[in-house]
Amino acid sequence: GTAQIGVTGLAVMGRNLARNFARHGYTVAVHNRSFAKTGSLVAEHGSDGEFIPSETMADFVASLERPRKVVVMVKAGGPTDAVIDELIPLLEEGDIVVDAGNAHFPDTIRREAALKEHGLHFVGTGVSGGEEGALNGPSIMPGGTPESYESLGPILEDISAKVDGVPCCTYVGSDGAGHFVKMVHNGIEYADMQLIAEAYDLLRQGLGATAAEIGEIFAQWNTGDLESFLIEITADVLQHVDAETGKAFVDIVLDQAEQKGTGRWTVQNGLDVGVPITGIAEATFARSLSGSVPQRAAGRAALPAHAQEWEVKDRDAFVEDVRLALYASKVVAYSQGFDQIAAAAVEYDWAIDRGAMARIWRGGCIIRARFLDRITEAYERDGDLPLLLADPYFTDAVASGLPAWRRIVAGAAQNGVPAPAFSSSLAYYDGVRAERLPAALVQAQRDFFGAHTYKRVDREGTFHTEWSGDRTEAEA
Ligand code: NDP
């Protein structure tokens, strides 16, 4: 065979990735379960570069030069396993199978182990940026063996997004690390979106501003620290007018947010590794609440509303307060996500460079932002940083916004505006900086009803008090 890379699964994502490879000068073997998609790709985009279309998987595999590199871009779950099973008998030792779909990382760990038995490399890779990114340069997060990255990495780096000439692609870590990091990326995306939505709601309810006016505020914010793809598209969306009704577009959209599941996976894993990713969790639950139709109907009918309008005296000062509160909450959400990556790296035995993850998220993906440079710099200062918030840059950034953050969260509570991600981020901030937490009382309660023991602040050892007896203390 003569193709340097192959793509099987030519729906929107696979088709665009194949075109991206071709545009970068690679000869691309292309295949899809049903040939129609393969045919139309070559018919419509043959001018992008060299494609070798095949009707059968056997021909597809035969058209690849060795060691073969096969990118699988099909529906995640069962279809991915079906395609892998079809590929295995056709491949030879040293060939590389790349799963670029949205796999759940435990599946990737399982598949990597299975393919290793056949002498094959399996690279689960996160790809972010949707169809647009796949075509013009996504952020790419490959796992698998370092050995497979030697030959595959340069090709992926070639087609990835570039920021200041630096590719948004790097080796993440073994087996499921790439898909894991993509999952956390999506979780952080949930948190970022929810925080932006809360900022919008606060401005709307606090100022009584129109969607278009708030869109202008976001456009303004996009020229400063908050500059990011998500802020930019928010400004755009808020200024968009519905053609049919002439109303602000956001006002004609049903207020029930859906999800495809990566946020839920991230939260579930946060519980597994014991990391409080409260920003991501609140964002995921906020989507659940929005979709809780019967509960919302019952709540609207039964629960008293806040009686008065929020009276904001100084509009400009309020806007600046919301901006500072948004930035501080965002730093917390990212800090928590990077904590989760660190904890998972220990749990699953991955060597993940967190600074490099922030670097490859600067372009191509949904959370792309200049802000990520700050995170890379923080981990360059200290690769083992236990808390991103404690990096001097972020400490200053958050501390200077702290009074504003407190005013906004207090104002939201007093005026009945739900701001779960803003307020839980502030609670996390106050929790993680506290000298002493009421966890001491929780330990005491646990010892009282369950003899779960406790440690003392003043000497080593584990203790239990005879709560139902004479309340003497014994070393456990
Ligand atoms: P879909 O997830 O809609 O999957 C459709 C593709 O899967 C088609 O090529 C289809 O072939 C193939 N397929 C489905 N079942 C089977 C099967 N049993 N055997 C063989 N092939 C099968 O395509 P997308 O392009 O939207 O996404 C591809 C992957 O990329 C998914 O894992 C998705 O989660 C992920 N992803 C998607 C993003 C997006 O923005 N859409 C962003 C990032 C990742 P056929 O034409 O024959 O039906």
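Contact here means heavy atoms within 4.5 Å. Helices (H or I, at least four residues) and strands (E, at least two) are DSSP runs, numbered from the N terminus. What you're looking at is a predicted model, where local features need pLDDT of at least 70, side-chain atom pairs count only at pLDDT 80 or more, and totals for chains, interfaces and linings use all residues. Residues are numbered from 1 along each chain as its sequence is written, and side-chain values use heavy atoms, with hydrogens and water left out.

Let's start with helix α10, residues 229-239. Its buried residues pack against α8 (177-207), α9 (211-221), α11 (249-252) and α15 (315-348). Which residues of α10 are the buried ones? They are Leu230, Ile231, Thr234, Ala235 and Leu238, where buried means under 20% relative accessible area, exposed over 50%, and partly exposed in between (1.4 Å probe, protein chains only). These residues sit on the same side of α10 because they cover an arc of only 140° around the axis, the arc being that of the directions from the helix axis to the C-beta atoms. The general rule behind such a pattern is that an α-helix has 3.6 residues a turn, so residues three or four places apart point the same way.

Now for the ligand. There are 19 residues around it, and Met13, Asn32, Arg33, Ser34 and Lys37 come nearest; to be counted as near, a residue needs one of its heavy atoms within 4 Å. Backbone atoms take part too. Val74 has a backbone N or O atom 3.0 Å from an oxygen atom of the ligand, Lys75 places a polar backbone atom 3.2 Å from a ligand oxygen, and for a backbone N or O atom of Ala76 the distance to a ligand oxygen is 3.4 Å. On its own the ligand would expose 890 Å², and the protein buries 78% of that. Those areas come from the Shrake-Rupley method with a 1.4 Å probe; for residues, only the protein chains shown count as cover.

On to some loops. Gly143 belongs to the one between β7 (139-142) and α7 (146-159), and it is buried, at 2% relative accessible area. What does Gly143 touch, leaving aside its neighbours within four places in sequence? Its contacts are Val123, Gly124, Tyr171, Gly173, Asp175 and Gly178. Val166, by contrast, is 23 residues from Gly143 in sequence and 19 Å from it in space, C-alpha to C-alpha.

The loop between β9 (166-167) and α8 holds Thr170, which is buried with a relative accessible area of 16%. Beyond four places in sequence, Thr170 is in contact with Ile140, Pro142, Tyr149, Ala356, Met357, Arg359 and Ile360.

A word on the cysteines. A disulfide is a covalent bond between the sulfur atoms of two cysteines. With the cut-off for a pair of cysteine sulfur atoms set at within 2.5 Å, the count comes to zero disulfides. For Cys168, the nearest cysteine sulfur belongs to Cys365, 7.1 Å away. Cys169 isn't in a disulfide either, its nearest cysteine sulfur being that of Cys168, at 8.9 Å. Are these two cysteines buried or exposed? Cys168 is buried at 0% relative accessible area, and Cys169 counts as buried at 4%.

Most residues other than glycine have a negative phi, and most peptide bonds are trans. Going from Arg66 to Pro67, however, the peptide bond is cis, with omega near -10°; Pro67 lies in the loop between α3 (57-62) and β4 (69-72). Asp164 isn't a glycine, yet has a positive phi of about 50°. You'll find Asp164 in the loop between β8 (162-163) and β9, exposed at 68% relative accessible area. Ala451 also has a positive phi, near 50°. Ala451 is in the loop between α20 (439-450) and β10 (463-465), and counts as partly exposed at 43%.

Phe285 is part of α13 and is exposed, with a relative accessible area of 53%. In sequence, Phe285 and Ala421 are 136 residues apart, but in space their C-alpha atoms are 9.9 Å apart. Ser424 is in helix α19 and is buried, at 13%. Not counting residues up to four places away in sequence, Ser424 touches Thr278, Gly279 and Glu282.

Notes. Polar contact = N/O pair within 3.5 Å; in protein donor to acceptor, adjacent residues only side chain to side chain.
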